[in-house]
Amino acid sequence: MKKFIINIILTILFFSYVHAAEEMNEPLHPDWSFEGPLGKFERASLQRGYQVYTEVCAGCHSMDLLSYRNLVEEGGPEFSKDQAKAMAAMFETKGSPNEEGEITMRPAILSDHFVSPWENEQQARAANGGAYPPDLSVIVKAREGGADYIYSLLIGYEDAPSEMSLDDGVYYNIYAKGNKIAMPQPLYEDGVEYTDGTVATPEQMAHDVTMFLTWAAEPKLEARKRIGFKVISYLIILSFLLYFTNRRIWKDTH
Amino acid sequence: MSEDKTVTRRNFLYITTGSFFAAGSAAVVWPFVHQMNPDASVKALASTEVDLTPILPGQSITVLWRGKPVFIRRRTSEEIAEAKKVSLTELPDPEVDEDRVKNPEWLIMVGICTHLGCIPLGQKGEYNGWFCPCHGSHYDTSGRIRKGPAPKNLEIPQYVFLDDNTVKIG
Amino acid sequence: MSDNYEPSSAIGKWFDKRLPLLTLFAGHVLPYPTPKNLNYWWTFGGILTFCLVTQIVTGLVLAMHYVADAEQAFTSVEHIMRDVNFGWMLRYIHANGASMMFMAVYIHMARSLFYGSYKEPRELIWIIGVFIFLLMIATAFMGYVLPWGQMSFWAATVITNLFSAIPLVGESITNWLWGGYSVGSPLLTRFFTLHYLMPFLIFALVILHVWALHVPGNNNPEGIDVVQGSQDTVPFHPHYVVKDGLALVVFLVIFAGFVFFVPNLLGHTDNYIQANPLQTPEHIVPEWYFLPFYAILRAVPDKLGGVILMVSSIAILAFLPWLDTSKVRSAKYRPLYKQFFWLFIADVILLGYLGAQSADGLFLIISRIATAYYFIHFLVLMPLLGFVEKTKPLPKSISEPVLSKEEREAQVAGST
């Protein structure tokens, strides 16, 4: 009987292995500071990541769910309030109607959402050969493989093998599904000039922006792990206390 | 003797377990209470900057701050004089006009009647200030209560003049 | 059991004379005589009650921030995750809580199957339990739709389309369910309403479940009746309050592990993409706790047939007390059934695995075999075993088998 069940399990494992193999390249797995039970984001990396996002990604990708005030909040890039205000003011957003009833543009403030590069999806598609650059607010949680996948994708561009013909607006990426992706290679050597003097290699930029996007998708990650650690410690102590209490209570029952 | 010791030890265990459990249960209540407090997006709107350029003397605007109307009135010299000459003994809630403004020309106050929360109408009532239609409270040109059921003067919010033409409320 | 109860305080006496709540509580909780040999598999009833209350309370506070509208649902959930104080924690507890509750309910049901807790005189407890399970399925499904991600939307589409399998009136029914010609805001709003209502119906059924349980009293691992007024029982409090409490806290360690360290492990990444009626995700899978039933649904090549089979796979549980012909309750004394029990569990796990795979080729063939076996277990094996199985001799009372070897020898020595 047991043998039979073990056989079933082995068969299942075998099939799931075969099944997974036909999907795509396994993404790279760099060391992320936010992994592990007490993981945290690297502040400096998040700040650089924001720079990469605004200078490279934000031309096409919106981040509608974030606000400039988030850049100041604890557990995030933790820019100073003045820095964040200045960053917000670099973008123009729609203000309230003036006396003539016309919508005027005004510089964004902390409480504004990240300004989208597009008015609507149609405009975004028209500007990108029909492909819609997805919103990046929760992209890390919305993709199988999470941070690893995003990181790998950003540096996975290679020359297409000669036997592969690519249509216009399709690029070769070894980590994309079917090795094809509609996004052109975004990161090049020194694509941005980091204010803190870090050398902007594609790997570095991919690392920073992925860290930033991970924070954007899960801004409460640090608080979550911190509280979780306390909660679990409490529960373990309580379970020991209850274990001894339980034993004491049942001592006289046979 | 050893019987007593066993009982003491047992009670100690029970009390420790019980109080440890009670402390944890109490801590669990907090998130459920705190979730109803103003959230991060609401708090971010806690201050409002207003451009004062378009307001001429004798005009007022109403801006929304924390979901409440704030009256910003550019007072005329007559109004200022009227507000200053009132003696404190006449006031139910004595306060001099100088304490209610940072710049006498600009009167900035929360436009909510201190009686039961209605919005008073401007330049109405017996004192040429504000008049609350709900229960007939009269406020003067400094927003002080003069007559009617309201107990207090109209509230002055925190504000600073960032420059001559911009005020930040909150 | 509660006849001689009298509140100690004057206020208690005054109150209890007019509304005997204290007597009720005293009778059903405090000294309630419970078999002393219940093992840890019996703690899942208490754990489930805790889960239900947790879901209701966290759901209540989430509803204070959630917007049940197709345009705003997704962003309102993200608003909860980002801006509301402790919102992320409340949502993760609620989302993972559903999984934890199903985990507990499956163990609870498996325990009942193993120890024959559904048998005479406890048939009604079991049947009420089946209805609770049905309501749980409906509640969980509707709850999964509320965040309005891609999986929410397409799960709602696929499942409501099942009703179109009904001949003649199918299409009218789906349009009625949708309040339109496709899944959209009207459906979301009514799902939210029902999702809010159902837990309270479950709660009412739980009261009936416990009430019905307290008529014959608990079954126990030996599957034999307790001898009233004997050494067989202990008072529920403190013995089982503390034992259940211990099990609950250990359960909570796992629960907290999910909530705080891998909150999205049991979810699907596609549900963090806002619902898009123009694009179906490549691979639609339901939440893990529905996978076995999903596999049964897909095992049948016919739309209506699949629906009927899936519904039957749950409905058949309600008839189990009569499909099982054995007089012996506990699998401990049923050597054959014990083996088939584990085979059945393996079959359900296999179905769960198949539910997550694409329904073609070898997977489809295996799901058909596994589905067939699921029904054979209930319709053929259960009735047959009662006749062919040679059961082991049952102990005279609960106190008998739990005596240790030495104690038994001592007893024998003492009696001679």
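The model is predicted, so local features need pLDDT of at least 70 and side-chain atom pairs count only at pLDDT 80 or more, while totals for chains, interfaces and linings use all residues. Residues are numbered from 1 along each chain as its sequence is written, chains are lettered from A and ligands numbered from 1 in the order in which they are written, and side-chain values use heavy atoms, with hydrogens and water left out.

**Stop 1: a sheet in chain B**

Select residues 60-65 of chain B, strand S2, and residues 106-110, strand S4. Strands here are DSSP runs of E with at least two residues, helices are runs of H or I with at least four residues, and both are numbered from the N terminus. These two strands belong to an open sheet of three strands in the order S2-S3-S4 (chain B), with antiparallel pairing; two strands pair if DSSP finds at least two bridges between them. S2(B) and S4(B) stand at the edges with a single partner strand each, so one side of each has no neighbour in the sheet. From one strand to the next, the twist averages 20°; axes are lines fitted to C-alpha atoms, for helices over the stretch in contact, and angles run from 0 to 180 degrees between N-to-C directions.

**Stop 2: a hairpin in chain B**

Next, select S5 (residues 121-124) and S6 (residues 129-132) of chain B, an antiparallel pair with three bridges. Leu121(B) has Phe131(B) as its bridge partner in S6(B). The two strands form a hairpin with four residues between them, and Gly125(B) in the turn has a positive phi of about 90°.

**Stop 3: a further sheet in chain B**

Another open sheet of three strands has the order S1-S10-S9 (chain B), again with antiparallel pairing. Its edge strands are S1 (48-51) and S9 (159-163) of chain B, each of which pairs on one side only. Select S10 (residues 166-169) of chain B to see its antiparallel pairing with S9(B) over four bridges; Asp163(B) has Thr166(B) as its bridge partner.

**Stop 4: crossing helices in chain C**

Move to helix H11 (residues 291-299) and helix H15 (residues 361-388) of chain C, whose axes come within 9 Å and cross at roughly 110°. H11(C) and H15(C) are therefore roughly perpendicular to each other, a class that covers angles of 65 to 115 degrees. Residues in contact (heavy atoms within 4.5 Å) include Phe293(C) and Ile296(C) of H11(C), and Leu364(C) and Phe375(C) of H15(C).

**Stop 5: chain B against chain A**

Show chains A and B together: 15 residues of chain B are in contact with 12 residues of chain A. The two chains bury about 1200 Å² between them, 71% of it on carbon and sulfur atoms; buried area is the accessible area (1.4 Å probe) that two parts lose on being put together, summed over both. Select Leu13(B), Thr17(B) and Phe20(B), which supply 42% of the area that chain B buries against chain A.

**Stop 6: chain C against chain A**

Finally, show chains A and C, where the contact takes 47 residues from chain C and 44 residues from chain A. About 3900 Å² is buried between these chains, with 71% from carbon and sulfur atoms. Two salt bridges are found across this interface, a salt bridge being a side-chain nitrogen of Lys or Arg within 4 Å of a carboxyl oxygen of Asp or Glu. One of them joins Glu282(C) and Lys177(A), whose closest N and O atoms are 3.7 Å apart.

Conventions
Parallel < 35°, antiparallel > 145°, perpendicular 65-115°, else oblique.
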